[in-house]
Amino acid sequence: MNNGPEHLLDVAGLEVRYGAIEAIRGAGLEVCKGEIVALLGANGAGKSSFLNAIMGLVPLTSGRVLLDGEDIAGEAPEAIVRRGMTLCPEGRRVFANLTVRENLAIGGATRRRAGDAATILTGMLDRFPVLAERHDQMAGTLSGGEQQMLAIARAMMSAPRIVLLDEPSLGLAPRIVDTIFEMIAALQHHGATILLVEQNVDLALDIADRGYVLASGRVALAGPASELLASGDVERAYMGRD
Amino acid sequence: MEILIQQFVNALSLGGTYALLALGLAMVFSVLGLINFAHGDLMTLTGYAMFFAIGAGLGMPLAVVLGIACATLAAVAMERVAFRPVRDANTATMLLTSLAVSTILHMLFQNLISARPRAIPVPSWMIGAVDVGGLAIGVIQLMSITATALLLIALSIFLRRSTLGIAMRAAALDFPVTRLMGINANAVVATAFGLSGLLAGVAGVLWLAQRGSVDPLMGFLPVLKAFIAVVLGGLGSLAGAVVGGFVLAFIEVFLRAFLPDGWLPFRESITLTLVIVLLLVRPEGLIGQRENVR
């Protein structure tokens, strides 16, 4: 695939350094409109660094980050969110001492007209009914699964063109994880574009269209999700042998 | 009984001033993790602005407005010039920066104005007392309690209802994720400083109404008390700062009123001992939460 307009997100040659440590060494990927793309890899392979760098949360050393053809590399996170890309961070990080309502309200802060935010909110509460039930509860009192739903709904409140999901299964019971992944798949059906970072390979590839495997900060493997699932190469790439 | 109520009013009035100052400190701390040593100088600045405004014949109401506006603008300017460039530096750097800002302001006050106190004449109608249900309550106390109450209510509405207010509370919990909501980091920090300046300005006016003069170190003592209040209430908690301010004032006022004469010189030590005991019992502060400590 070359750099055509069909790529909503196009990252190439990304490098991230923490002092002397090279976390990402020239990784890249593309996400087309309407796709779910899985970014896989073992612990410490650089998945979160990759997401944080393209979101502007950590500085990138070099690389190109095109969102719908425009270079956003090095911009502030709030500016990138306003351009239409957002991140649902690892570990959920809901605002524990704010109510569910306030968490969602601030998620929709970029929607200037109150009517916009209200319409999106109604949609989110339809899709995540448990959040409607818990509207005035402190987010910190929700269960892990409910917090994950809130974190995803909060990210979707900005009506992003693409959402980056960082480890949505982290620390959740298997039954809850299934529910969350069904909801992620449902988001795609409603037109969302998703870059999904996961350690749980089978689950991620099950709902993804394509996948990339990071090892030691480089893309070790890429391809359609069904092929990656069938080939068994993913396990080998996980071991980090280039 | 009457003395008890009198002292209660005194404590409420002093506590209000501490609470406003502590709230300003806590607001900046919760967003930036910075303890702003220059906070007291904002109070002092209010004093000098009022002194010059009255000297220019502008009258008390206008002087008050100018004094508060001056502190607010100075706080925003302070953030822009001194703190923004070191925002991503470590805490010690920010702490030293605030110490430098404070020292520079002291020197300017001393050398450009005077090291000696400058009188700010309090209008005669404020000196007296009014009759409230058979009790003589000082006009200044009454005004101070009213101003504090109104300001705290307005702030609480702002923090709960407006997007910027919710964003400030969110930023206190998790700044990076707040930016992921599309909230401009500079706007949140500038608002925190602006509000802290506004609060310091109002506290400055209330303090001056009691003292009647301004000198370069005017803000030092009350802000020192506000630091104690912030820690007592729970570092980083806004509600805690307000509660801490009132608790500290109640301890001080009641010790001053009811300690035997021989003990009075030890008043401050007894106050601080009580604060230490409270912190030993609740190390996270009166309102603070353990899980907020990251």
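Which residue forms a salt bridge with Arg169(B)? The partner is Glu102(A), and the closest N and O atoms of the two are 3.0 Å apart. A salt bridge here is a side-chain nitrogen of Lys or Arg within 4 Å of a carboxyl oxygen of Asp or Glu. The model is predicted, so local features need pLDDT of at least 70 and side-chain atom pairs count only at pLDDT 80 or more, while totals for chains, interfaces and linings use all residues. Residues are numbered from 1 along each chain as its sequence is written, chains are lettered from A and ligands numbered from 1 in the order in which they are written, and side-chain values use heavy atoms, with hydrogens and water left out.

The sheet of chain A comes next. Helices (H or I, at least four residues) and strands (E, at least two) are DSSP runs, numbered from the N terminus. Six strands of chain A form an open sheet with mixed pairing, in the order β6-β7-β8-β3-β9-β10; two strands pair if DSSP finds at least two bridges between them. Strands β6 and β10 (218-224) of chain A stand at the edges with a single partner strand each, so one side of each has no neighbour in the sheet. From one strand to the next, the twist averages 20°. Strands β3 (residues 36-40) and β8 (residues 194-198) of chain A run parallel and are joined by five bridges. Within this pair, Val37(A) has Leu195(A) as its bridge partner in β8(A).

Helix α6 (residues 144-156) of chain A packs on the sheet, touching β6 and β7 (162-166) of chain A, and its direction makes about 170° with that of β6(A). Axes are lines fitted to C-alpha atoms, for helices over the stretch in contact, and angles run from 0 to 180 degrees between N-to-C directions. Helix α7 (residues 174-189) of chain A lies across β3, β7 and β8 of chain A, at about 160° to β8(A).

Cys88(A) belongs to strand β6 (residues 85-88) of chain A. Its relative accessibility is 1%, so Cys88(A) counts as buried; buried means under 20% relative accessible area, exposed over 50%, partly exposed in between (1.4 Å probe, protein chains only). Beyond its neighbours within four places in sequence, the contacts of Cys88(A) include Gln148(A), Ala151(A) and Leu164(A), where contact means heavy atoms within 4.5 Å.

Over all chains, the structure holds 18 salt bridges. In chain B, Lys225(B) forms one with Glu252(B), with the closest N and O atoms 2.9 Å apart. This pair links helix α10 (residues 220-233) to helix α11 (residues 238-258) of chain B, its members being 27 residues apart. Lys225(B) is buried at 8% relative accessible area, and Glu252(B) is buried at 7%. Both residues are part of a salt-bridge network with Arg267(B) and Glu268(B).

The contact between the chains takes 20 residues from chain B and 21 residues from chain A. About 1800 Å² is buried between them, of which carbon and sulfur atoms give 65%; buried area is the accessible area (1.4 Å probe) that two parts lose on being put together, summed over both. In chain B, Arg179(B), Leu180(B) and Met181(B) lose the most area to chain A, together 37% of what that side buries. Three salt bridges are counted between chain B and chain A. Glu102(A) and Arg169(B), the pair of the opening question, are both buried.
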